[in-house]
Amino acid sequence: MDLNFTPAEQAFREEVRAFLKSDLPADIASKIKGGRRLTRDDHVRWMTALSKRGWLGVNWPVEHGGTGWSPVQRHIFEEECAAAGGPRILAFGVSMVAPVIMKFGTEEQKAHYLPRILDLTDWWCQGYSEPGAGSDLASLKTRAVRDGDHYVVNGQKTWTTLGQHADWIFCLVRTDAQAAKPQEGISFLLIDMKTPGITVRPIILLEGEHEVNEVFFDDVRVPVANRVGEENKGWTCAKYLLTHERTNIAGVGLSKEALRHLKTIARDQLKNGRPLIEDPIFRARMAQLEIDLMALEMTNLRVLADVQAGGAPGAESSILKIKGTEVRQAITDLARRALGPYALPFQSEALDGGFNGEPIGPDYAAPVAAHYFNMRKLSIFGGSNEIQKNVIAKASLGL
């Protein structure tokens, strides 16, 4: 792989920088840089700006309204957005359900749902995990029983990220309880969140955030026309979606910006009267992190190049998921250690816009504890890292 950017790619980087300078709202960038909370409106304003520029479907082909960007262009875009304080594009619509609809959906489904994702008419969430069916997703128990032109859905989903804001949810449901293998009796449904019988209940996380939810389905009627792919063949859709999710979880651009911020903290904080960054042990840990991140970036580019050539990532996406989440967790851990006692207090209210209270420690200290706690989830969601290691052992090593 040629690691030097071409003149065209350098020109594209400048185009992205110019767009971010002119179209990224300053208040949103300030929140991202300061580790403050984003509202639903913040996400919508940012994605609307991208949509107007034609840059929301970063991984979509041109024929569906996407950018048609190469893997390198997408990498540059993610890197520059992270550096400028641009929020990450919410993946559920653009990067998760949309690729499934493009590959397995009918022409009618493509014509209806894809434009509504691009113009932000529909906000999507994911209905995969259940109590007792997370990493072992094939054991899910939410049932969908055929009744004429509808399915009647009963069951529960959990850890539904931003489900409190969603208009639609894409769900894995069991349509054949007698299938020889659990994966063979699952279907992929698109469900309107306004349908009677759906209840959303918040789950408050360790750091006090309402980011995830429980979603209950009680005799929810879903048109058969909302099924993507064949009945009982939804596991194929599920696996295809998860490879995209796990690749995106790598978060190389976000990690690079977080590492830059960590270096700033280490230069500012003192140990024995000298900047922490000069401490040999701490400096060695940062150096190892940077090496790991560089290796992750190269692996991510190789996987994206394969996808651009028409392939779908297999066990490689599990590698990206494992290493990407480990790197991001390690960065938040070092930031917490670098702040020492300033990382012990947690002022949740300091993460809201307009906070006028007395900060504890430097301005950048407020979100460090929250980020550390929140990043604990990365090695669990999208398929726990332990399960991903099993996938690699089986698919790549033949164990």
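1. Arg 146 stands opposite Tyr 151 in β3. The strands concerned are β2 (residues 143-147) and β3 (residues 150-157), which run antiparallel and are joined by 5 bridges. Strands here are DSSP runs of E of at least two residues, and helices are runs of H or I of at least four, numbered from the N terminus; two strands pair if DSSP finds at least two bridges between them.

2. The model is predicted: local features need pLDDT of at least 70 and side-chain atom pairs pLDDT 80 or more, while totals for chains, interfaces and linings use all residues. Residues are numbered from 1 along each chain as its sequence is written, and side-chain values use heavy atoms, with hydrogens and water left out.

3. β2 and β3 form a hairpin with 2 residues between them. In the turn, Gly 148 has a positive phi of about 65 degrees.

4. β3 also pairs with strand β7 (residues 210-223), in the antiparallel sense, over 7 bridges. Within this pairing, Gly 155 stands opposite Phe 217 in β7.

5. Turning to the helices, the axes of α8 (residues 252-268) and α10 (residues 315-339) come within 10 Å and cross at roughly 15 degrees. Axes are lines fitted to C-alpha atoms, for helices over the stretch in contact, with angles from 0 to 180 degrees between N-to-C directions. α8 and α10 are therefore roughly parallel to each other (angles under 35 degrees).

6. Residues of α8 in contact (heavy atoms within 4.5 Å) with α10 include Leu 254 and Leu 262, and those of α10 include Ile 331 and Leu 334.

Technical notes. Parallel < 35°, antiparallel > 145°, perpendicular 65-115°, else oblique.
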